[in-house]
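Reader: I have a chain on my screen and want to find my way around it. Could we go through it by question and answer?

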Amino acid sequence: MIVQFLSVFIDVVLPVFCVVLLAYMVGPRLDLKAQTLSKVAYYILIPAFTFNMISQADIAFDTVIRMIGFIATSLLIYALIGFVAARLLKASRQMTAAMIMVLVWANIGNFGLALIDFKLGSDALVPATIYFVLVVVFAFIICVAAAGWASGGKMRALWAVFKTPGLIVVAPALLFSTGDIPQPLLLQRVVGLLGGAMIPVMLLILGLQLAEAGRLKLTREVAVATMLRLVGGPAVALLVVNCFGITGLAKATGILQNSMPVAIIVSIIAVEHGVAPKFVTATILYSTLFSLFSLSILLYLM
């Protein structure tokens with residue numbers, strides 16, 4: 001049992017953390033900036049990866065509908081849990097919104113896709129990419145709505161989600177996936193090369209962002225949020241995924257992606273709206289560190 005657990009830890013989880021750690025240690029010494037790589041990933045690599053995966057996807061339409069229901073329901077439950085937890089902690093309006101945000105948006109991009117590739121193989125990247133797109137849409141709407149509620153500001157940013165490059169390519173990718181239109185070899189190779197670079201670059205970005213965050217305190221609120229994200233995430237996902245009758249790789253990837261630490265992008269939304277940015281950044285840091293153990297246990301049990 002111990003040997004099997006160590007095998008999962010060393011072969012699946014540790015390689016991902018090693019790439020993150022490399023960027024964390026080398027980034028400041030080379031004066032590398034996360035923002036530069038983030039723009040490259042946001043505007044080029046993520047769209048290419050999404051297009052490449054979806055254009056070659058072969059998933060039944062009814063399964064996709066079930067996946068949409070699973071993601072939407074799961075994120076709403078996380079939002080409710082975050083609200084209740086904040087109320088029990090007698091948190092402020094800003095902290096309540098921040099608690100909702102860190103529970104809703106898991107790091108399925110930087111972290112999730114790499115772990116799924118190592119654990120479940122390249123075939124699992126197809127449903128994982130569909131989940132990735134769905135989470136971007138639903139989580140962005142919930143997080144911006146929560147931030148807008150807390151800050152009393154307008155929520156025009158909600159509409160920006162539909163202008164996201166990674167979502168814009170979904171429609172043309174579906175034409176190649178569901179239609180009889182052959183994909184040009186040139187296009188296939190270009191998006192294949194760019195898409196292949198997305199996962200390692202996203203891991204480097206995570207390491208650079210954590211290095212730029214500096215030293216942060218583990219407060220009571222941060223500890224509660226971290227536990228709910230890493231423990232509550234897979235628990236809720238397991239219950240909800242069975243309700244929608246999702247099986248196979250789609251089920252495994254759904255549970256894994258909902259078990260990830262907090263997504264880096266939540267800190268961007270928190271800073272933009274002035275919603276407890278230190279709490280959000282600290283939760284991202286500690287949830288990422290503790291996920292080294294929680295994900296090892298989950299991957300061992302799967």
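This is a predicted model: local features need pLDDT of at least 70, side-chain atom pairs count only at pLDDT 80 or more; totals for chains, interfaces and linings use all residues.

Reader: What radius of gyration does the chain have, against that of a compact globule?
Author: The C-alpha trace spans about 55 × 45 × 45 Å along its principal axes. Buried residues make up 51% of the 302 residues. A compact globule with 302 residues would have a radius of gyration near 19 Å, and the chain agrees, with 18 Å.

Reader: How many disulfides does a search of the whole structure find?
Author: A disulfide needs two cysteine sulfur atoms within 2.5 Å. The search covers the whole structure. The number found is 0.

Reader: Is Cys143 buried or exposed?
Author: Buried means under 20% relative accessible area. Cys18, at 43%, is partly exposed. Cys143 has a relative accessible area of 0%, so Cys143 is buried.

Reader: Which helix gives the most to the lining of the largest pocket?
Author: The largest pocket has a volume of about 990 Å³. Its lining has 36 residues, with Ser38, Tyr42, Ile46, Ile265 and Ile268 nearest the centre. Elements giving two or more residues include helix 5 (108-120), helix 6 (125-151) and helix 13 (265-273). The most, 8 residues, come from helix 2.

Reader: Which elements give two or more residues to the lining of the second largest pocket?
Author: This pocket holds about 450 Å³ of space. Of its 19 lining residues, Ile54, Val64, Ile130, Val170 and Leu174 lie nearest the centre. By class, the lining has 16 nonpolar, 2 polar and 1 charged residues. The elements are helix 3 (61-88), helix 6 and helix 8 (170-178).

Reader: Which residue just after helix 10 takes a positive phi?
Author: Helix 10 has 16 residues and reaches 22 Å, close to the 22 Å expected at 1.5 Å a residue. Its buried residues include Met198, Val201, Leu206 and Leu210. Just after this helix, a positive phi of about 80 degrees is taken by Gly214.

How values were computed:
Residues are numbered from 1 along each chain as its sequence is written. Side-chain values use heavy atoms; hydrogens and water are left out. Buried means under 20% relative accessible area, exposed over 50%, partly exposed in between (1.4 Å probe, protein chains only). On a 1 Å grid over the protein atoms alone, a cavity is a set of points where a 1.4 Å probe fits but cannot get out, and a pocket is an open set with protein on both sides within 12 Å along at least five of seven lines; lining residues have an atom within 4 Å of a point. Grid points are joined across faces, edges and corners, and a volume is the space filled by probe spheres set on the points. Helices (H or I, at least four residues) and strands (E, at least two) are DSSP runs, numbered from the N terminus. Ala, Val, Leu, Ile, Met, Phe, Trp, Tyr, Cys and Pro count as nonpolar, Asp, Glu, Lys and Arg as charged, and the others, Gly among them, as polar. The expected span of a helix is 1.5 Å times one less than its number of residues. The radius of gyration is taken over C-alpha atoms; the globule rule is 2.2 Å times the number of residues to the power 0.38.
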